[in-house]
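Subject: Structure handover and notes

Dear colleague,

I am passing the structure below on to you, together with some notes on what turned up when it was examined. Please read the notes with the coordinates open beside them.

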Protein chains: 2
Amino acid sequence: MASESDFLDWIRSQQALSPLVSLAAGDDLAVLKWPVGELLLVGADQVLDGVHFDASIHTPRQIGRKAMNRNLSDCAAMACLPAAAIATVALPRGMGMEFARELYLGLREAGDAFNCPIVGGDTASWDGKLALSVAILARADGIHPITRGGAKVNDSIYVTGALGGSILGRHMNFTPRIKEARELAKSSPISAMIDISDGLARDLARICQMSNVGAVIDAVAIPIHADAITLSKKSGRSWLEHALHDGEDHELLFTCPTRPPVGTLIGHITADRSLLLHENGKTTPLSPGGWDYAL
Amino acid sequence: MASESDFLDWIRSQQALSPLVSLAAGDDLAVLKWPVGELLLVGADQVLDGVHFDASIHTPRQIGRKAMNRNLSDCAAMACLPAAAIATVALPRGMGMEFARELYLGLREAGDAFNCPIVGGDTASWDGKLALSVAILARADGIHPITRGGAKVNDSIYVTGALGGSILGRHMNFTPRIKEARELAKSSPISAMIDISDGLARDLARICQMSNVGAVIDAVAIPIHADAITLSKKSGRSWLEHALHDGEDHELLFTCPTRPPVGTLIGHITADRSLLLHENGKTTPLSPGGWDYAL
C-alpha cells in the first residue's frame with residue numbers, strides 16, 4: 001500500500017522551480033529569498049467536506065483547485081501578487097495515492113495559473129472527513145495593499161461580475177480576480193476592497209465596519225447571475241435575495257471616488273454607519289444574512 | 001449563540017503588536033514588513049483528532065499548544081527564528097465559543113514563548129472532527145538554515161534529550177528546541193539537522209536519504225527516556241525499540257564533525273547508504289519502523 005512517504009517522494013518530483021524559492025518541500029521548512037523591501041502578505045483558508053465541497057460529488061481535482069483558489073481570491077481582494085503556497089491535507093484513511101495526487105494536482109493547477117508554487121505542507125490520514133488548509137504568501141509588487149478599512153463617505157461602491165446562486169456549481173470553479181484587482185489598483189484610487197465569500201451584504205458590512213462608515217445600495221443596480229434566477233425557482237427566494245446573501249461568488253466588491261475601468265456601480269458610502277437597501281422608492285435596513293458559522 | 005464573527009471580533013481584540021506586522025488579522029491577508037535581505041522560511045503542520053491528540057481527553061488549550069509547537073519544532077530543526085503564524089481551525093459543530101477561545105489561547109501561549117504572533121487564519125464549523133492547521137514563517141537571523149541534506153561521511157550523530165514513550169504525555173507538552181538549535185548552529189559546524197517527529201530511525205533515514213549517506217548508531221549510546229521504560233512494561237517491546245521508533249519526541253537529531261556543546265553522541269555517518277544498528281557486538285540493518293501513514 002502506498003504511504004505518506006511515497007506521496008512525499010512523488011510531490012518532490014513534481015516541484016516547479018522559481019526564482020523566489022531556494023529550497024522547496026522536502027526539508028522541515030522551505031526557504032525563500034524574499035525580494036528586498038517588498039511587503040509580505042500572508043493568510044490561510046480551508047475547505048471542509050460538507051461545508052465547502054461534497055466529497056461524494058466533487059472530484060479531488062476540483063476540491064484541490066477550490067482550496068487554492070479561495071486563497072488566491074484573498075490575494076485579489078488586496079490587489080497583491082501570489083508568491084507561494086503551503087498546503088495541509090487531512091485525508092480520510094484508505095483514500096489512496098491516486099486521490100491524494102489528484103488533490104495535489106488540483107491545488108497546483110490553480111496555483112500555476114497565477115505563478116504560485118506549492119513549497120511545502122503536510123499530509124496525514126485520519127478517521128475523519130477530508131479537510132484541506134492552504135496558507136498563501138503574496139507580495140505587493142508596486143501596489144500598496146488595499147484593505148477593507150479605507151472606504152470614505154461618498155465613495156461609490158462597485159462589484160465585478162454577477163452575483164448569486166454560486167452553489168449551483170460556480171463555487172467550485174471560479175477564477176480569482178487577481179488580474180482585475182491589479183488593473184483596478186493601478187488605474188484608480190480604490191479605497192477599500194474585499195472578495196465576496198460570505199455574500200454581498202455581509203462582505204459590504206465588513207468594509208463598512210473596518211472603515212467606520214455606512215452604505216446604501218440600489219437593488220436594481222445589483223448584477224444578478226443567471227444561477228440566482230435558476231436557484232430562485234427552487235428556493236422560493238427572490239433573485240435579489242440570492243444575489244445579496246449567497247456566498248462564494250468570489251467577485252470583487254470595492255469602493256472608489258472615481259469611475260473605475262471595471263465593475264458595476266451598485267451604491268455609495270454614507271456617514272451614518274447603517275447598511276441600507278434602496279428598492280422600489282423605499283430605503284430599508286439591510287441585515288447581513290450571508291454565511292456565518294455558529295460555534 | 002456565538003458565531004464565527006463574534007469569535008473573530010474577540011481574536012482581533014487579542015492581537016499583539018509586533019514591529020514586523022503592519023496589519024494583522026481582520027483583513028483578507030495580514031501585511032508584514034519582511035526584514036531586508038532576510039531569508040524567509042515557511043512550512044505547515046496540522047494536528048488531527050484521533051491522530052495527534054484525543055479531543056475526549058486533551059484540553060483545547062493543550063491541543064492549541066501542540067499545533068503551534070509542532071511548527072515551532074520545525075523552526076528548531078532548521079535553526080531559524082519563528083516570525084509569525086497563521087492558523088486554520090475546523091471545529092466540530094456546537095463546540096462553542098469558550099472551546100474556540102481556549103484553542104486560540106493554546107496556540108498563542110505556545111507562540112508567545114518564542115515571540116511568534118498569530119497574524120491570521122480561518123475558523124469554520126463542520127460535521128467533522130477537530131482539525132487544526134498552522135503555517136509558520138521564520139527568519140534566518142544570521143544563521144544559514146540547516147537542512148537535512150548536509151551530512152558528510154564520518155560526521156558524528158547527536159541527539160538532544162532522551163527518547164521514547166512520548167505517547168504517555170510528552171507528545172502534548174514538549175518544548176521546541178529552538179534555543180538549543182540556535183546555540184548549536186552558532187557554536188558548531190552542524191552539517192544536517194531534523195526534529196524527531198516520526199521516530200529516531202525514520203528521521204535519521206531522512207537525513208541519510210537527503211544527504212546521500214548512511215549511518216551506524218550504537219544501541220547503548222541512545223538516551224532512553226523514563227517513559228520508554230514505563231511503556232515497555234505495558235507494550236512488551238524493549239526500551240530500545242521505543243527509543244528508536246516512537247514518534248513525537250521533538251528532540252533534535254543532528255550531525256557534526258566536531259564536538260557540539262549540547263547533545264549525546266549516538267553514532268556516525270557512513271558512505272554506503274545503509275542504516276545500521278550496532279548492538280551487543282553485532283551490526284544489523286535498522287529499518288525505519290516509525291510513523292508513516294498508509295494513504
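Which residues does B:His242 touch, if those up to four places away in sequence are not counted? Before the reply, please keep in mind that this is a predicted model. The contacts of B:His242 are with B:Gly164, B:Gly165, B:Ala228, B:Leu231, B:Ser232, B:Ser235 and B:Arg237. B:His242 itself sits in helix H7 of chain B, which spans residues 239-245, and with a relative accessible area of 2% B:His242 is buried.

On the relation of the two chains, chain B is superposed on chain A by a rotation of 180° with 0.0 Å of shift along the axis, and the RMSD is 0.0 Å. That is the relation of a two-fold axis. The residue of chain B that comes closest to the rotation axis is B:Val36, whose C-alpha is at 2.6 Å. Of the interface residues of chain B, 99% are interface residues in chain A as well, so the copies meet through the same surface.

Next come the aromatic rings, for which a search of the whole structure gives seven pairs over all chains. In one of them, A:Trp10 and A:Tyr104, the ring centres are 5.4 Å apart and the planes stand at 75°, so this pair is edge-to-face, planes over 60 degrees apart being the condition for that term. Because A:Trp10 belongs to helix H1 (residues 4-14) of chain A and A:Tyr104 to helix H3 (residues 97-112) of chain A, the pair ties together parts that are 94 residues apart in sequence. A:Trp10 and A:Tyr104 are both buried, and together with A:Phe7 they form one aromatic cluster.

Another pair, A:Tyr158 and A:Phe254, has ring centres 5.5 Å apart and planes at 20°, and is therefore stacked. Here too distant parts of the chain are linked, since A:Tyr158 is in strand S7 (residues 156-159) of chain A and A:Phe254 in strand S10 (residues 252-256) of chain A, 96 residues apart. A:Tyr158 counts as buried at 3% relative accessibility, and A:Phe254 is buried with a relative accessible area of 0%.

To return to helix H1 of chain A, the buried residues there are A:Glu4, A:Phe7, A:Trp10 and A:Ile11. Seen down the axis of H1(A), these buried residues fall within an arc of 120°, and they therefore line one face of the helix. Among the elements that cover the buried residues of H1(A) are H3 and strand S5 (118-126) of chain A.

Lastly, the nonpolar cores. The largest has 53 residues, and those with the most contacts inside it are A:Ile63, A:Met68, A:Leu103, A:Leu107, A:Leu130, A:Leu132 and A:Met193. The elements of chain A that each supply at least two residues of this core include H1, strand S3 (39-48), helix H2 (60-77), strand S4 (81-92) and S10, while H3(A) gives the most to this core, with eight residues. A:Leu103 touches A:Pro60, A:Ile63, A:Gly64, A:Val89, A:Leu91, A:Leu130 and A:Leu132, not counting residues up to four places away in sequence. Apart from this core lies another, of 52 residues, among them B:Ala76, B:Leu103, B:Tyr158 and B:Ile190.

With best regards

Key:
Residues numbered from 1 in each chain as written. Chains lettered and ligands numbered in written order. Predicted model: local features only at pLDDT ≥ 70, side-chain atom pairs only at ≥ 80, totals over all residues. Heavy atoms only, no water. Least-squares fit on C-alpha atoms with pLDDT ≥ 70 in both. Contact = heavy atoms within 4.5 Å. Phe/Tyr/Trp six-rings, centres within 6.5 Å; stacked < 30°, edge-to-face > 60°. Helix = DSSP H or I, 4+ residues; strand = E, 2+ residues; numbered from the N terminus. Buried < 20%, exposed > 50% of the residue type's maximum accessible area, 1.4 Å probe, protein only. Arc of directions from axis to C-beta. Core = buried A, V, L, I, M, F, W, Y, C linked by side-chain atoms within 4.5 Å.
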